[in-house]
Every structure is written in structure tokens, then in C-alpha cells.
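Please consult the sequence and the structure shown here alongside the text.

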Amino acid sequence: MQLKAFAGIGPLLMLSSGFLFAVMDCMVKSLSATYSVWDIGFYRFGCGMAILVLIFGRHHNPFSCHNPKLLIYRGITGSISFVAVVWAYHLIPISTAMVLFYSYPAFAALFSALLFKERIDKELPWIVVTLCGIAVFLDLKLEGGVLGQGMCLVGAAFAGVAISTVKKARETDGSVIIYLYFCLMGTITSIVPFASDPKLPAGAYEWLVVGGIIGTSIIAQLLMNEGFLYCSSFGGSLLLTSEVIFVAIWGLVFLHEAATWHFWVGGTMILGSMVALTRPRRPCQRLAP
């Protein structure tokens with residue numbers, strides 16, 4: 001029997017996930033100059049899968065699930081999204097890439113409505129406000145080549161599909177098995193190009209950063225998967241956009257970047273949309289006892 005959850009459990013899980021994804025972003029950024037997308041992908045997915053199998057597969061088949069086709073589909077779409085976005089980071093400025101990628105809540109809402117018949121109705125205006133807030137927050141400048149911009153939009157579209165699929169998969173399967181299949185598909189995608197020219201960590205610092213990427217990605221993804229037990233696809237997606245604000249705060253505190261009007265206006269629009277979505281009609285609901 002499931003325990004009754006307090007009303008804020010969904011937003012709390014999603015905001016915690018967004019914070020850890022932001023930490024992971026910062027660590028990925030620190031390695032992006034010398035590590036390829038395949039290196040980062042293999043360490044995230046391959047090592048993540050090994051850890052999950054080691055912890056949860058000692059007494060049973062860890063890949064046993066209720067809906068393998070859906071989980072494979074989620075893993076493929078999520079892997080394509082990750083590869084496309086990290087690839088785009090090498091082609092265009094990261095600010096442009098982030099603006100384009102964070103259109104994924106709109107794609108999540110669209111695919112949730114098309115594939116799983118989730119209703120958007122009154123939440124749609126807040127999706128628009130959130131996307132506009134992100135554009136202001138990141139000082140929208142569509143710089144760089146068309147290929148990089150296109151890769152970001154591909155990543156956003158597949159992220160939208162993946163997130164709407166996580167919501168559906170969470171109805172029958174647990175958070176761990178959903179992420180395990182994501183890691184499996186990501187490992188299959190990255191293992192051949194990684195093995196052809198592997199980049200191994202050099203020194204204690206790089207080992208620490210790679211370990212941090214693996215650890216934060218596992219915890220963040222599990223929190224996100226669990227959060228979708230309480231959240232709609234588009235509601236959870238909008239809460240995950242807090243990742244942008246956490247990354248900016250990291251820049252303010254540790255890199256001593258200036259807090260411009262873009263930070264305050266865009267941040268207010270994003271946070272205001274989250275408050276509007278959680279009260280009085282929350283995108284997150286309590287579990288039945």
C-alpha cells in the first residue's frame with residue numbers, strides 16, 4: 001500500500017532534480033573542452049548502468065519490468081536528446097543552446113496531449129510565459145550555425161517525447177528500472193565511438209569530476225522519475241526549468257558574474273509561472289492512500 005504524500009512532494013522532487021542536473025551541467029561544462037560527447041555519454045550511461053546493476057541486481061534480474069517496449073522507447077529518445085544537445089554545445093554558444101533546448105516543456109506538453117491525452121487547457125499560458133522567461137533570462141541571441149541550432153531543437157523535441165514517456169512509464173514501473181533502461185540505450189549509443197578513441201580521466205581532479213557527473217546524474221534522474229508519479233508531463237517539465245536558475249546562481253556565486261536585468265526579469269517570469277502552476281491547480285498531485 002502506498003503512503004500518503006504531503007502536497008508539496010512533487011515540486012520538491014522536481015526542484016531537487018533540477019538542482020542536481022544544474023550541478024551536473026557545471027561539471028560537464030568543465031570537461032567539454034577535452035572530452036567528446038561520446039566520452040561524457042559513456043561515463044554517464046555506462047557507469048550509471050553498472051552501478052545500478054551492482055546495487056539492485058544482486059538477487060534478481062534488474063531489467064525485469066512491466067512495459068519493456070515503452071522503457072526502450074524512452075531510453076532511445078532520451079539518448080538522442082542528450083547526444084544532440086551536447087553535440088550542439090560544440091557548435092554554438094552555450095547560451096543559444098540553452099535557450100533552444102529549454103523549449104522542451106512545450107514539446108512535452110504537445111506530445112503528452114497527442115500520445116497520452118493529457119489536458120493542458122489553463123496551464124498553456126504559463127508554458128508560454130516560462131519559455132519567454134527563459135529567453136529573457138538567457139538574453140536570447142540566436143548565434144552560431146544552423147546545424148547547431150537545429151541539433152538543439154532536435155534535442156528539445158526528443159526530450160519532450162522522453163519526458164512524456166517517463167510520466168506514462170511511471171504508472172507501471174519504478175524510478176530505478178526506468179533510468180536503468182535509459183542507461184542501457186545510452187550505453188549502446190555511445191560505446192562504439194567511445195571505444196574507438198577513449199578519453200580516460202587524467203589525474204585526481206578529472207576522476208572526481210567524472211565521478212560527480214555519474215553520481216549527480218543518477219540521483220537527479222531518479223528524483224525526476226519519482227516526481228512524475230505526482231506531476232503531469234508539462235507541470236514537471238516546467239519545474240525542471242529551475243535548472244537554468246540554479247546554473248545562473250552558480251555563475252553568480254562561484255564565477256562572480258554580474259546579475260543583469262535579464263537575470264531578475266527572466267527569473268521572475270520563470271518562478272512566477274511555477275507558483276501559478278502549483279496554486280491553486282497544481283501540476284503535481286498527491287498519491288492516493
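The model is predicted: local features need pLDDT of at least 70, side-chain atom pairs count only at pLDDT 80 or more, and totals for chains, interfaces and linings use all residues. Residues are numbered from 1 along each chain as its sequence is written, and side-chain values use heavy atoms, without hydrogens and water.

**Cysteines**
- With a disulfide taken as a pair of cysteine sulfur atoms within 2.5 Å, the count is 0.
- The cysteine sulfur closest to that of Cys47 belongs to Cys183, and the separation of 9.7 Å is too far for a bond.
- Relative accessibility is 25% for Cys47, which counts as partly exposed, and 19% for Cys65, which counts as buried; buried means under 20% relative accessible area, exposed over 50%, and partly exposed in between (1.4 Å probe, protein chains only).

**Helices α1 and α9**
- Helix α1 (residues 9-31) and helix α9 (residues 204-227) have axes that come within 8 Å and cross at roughly 155 degrees.
- α1 is therefore roughly antiparallel to α9, a label for angles over 145 degrees, whereas under 35 is roughly parallel, 65 to 115 roughly perpendicular and the rest oblique.

**Helices α7 and α10**
- The axes of helix α7 (residues 146-169) and helix α10 (residues 233-240) cross at roughly 120 degrees and come within 9 Å.
- α7 is thus oblique to α10.
- Ile163, Ser164 and Lys167 of α7 make the contact with Ser233, Ser237 and Leu240 of α10, where contact means heavy atoms within 4.5 Å.

How values were computed: Axes are lines fitted to C-alpha atoms, for helices over the stretch in contact, and angles run from 0 to 180 degrees between N-to-C directions. Helices (H or I, at least four residues) and strands (E, at least two) are DSSP runs, numbered from the N terminus.
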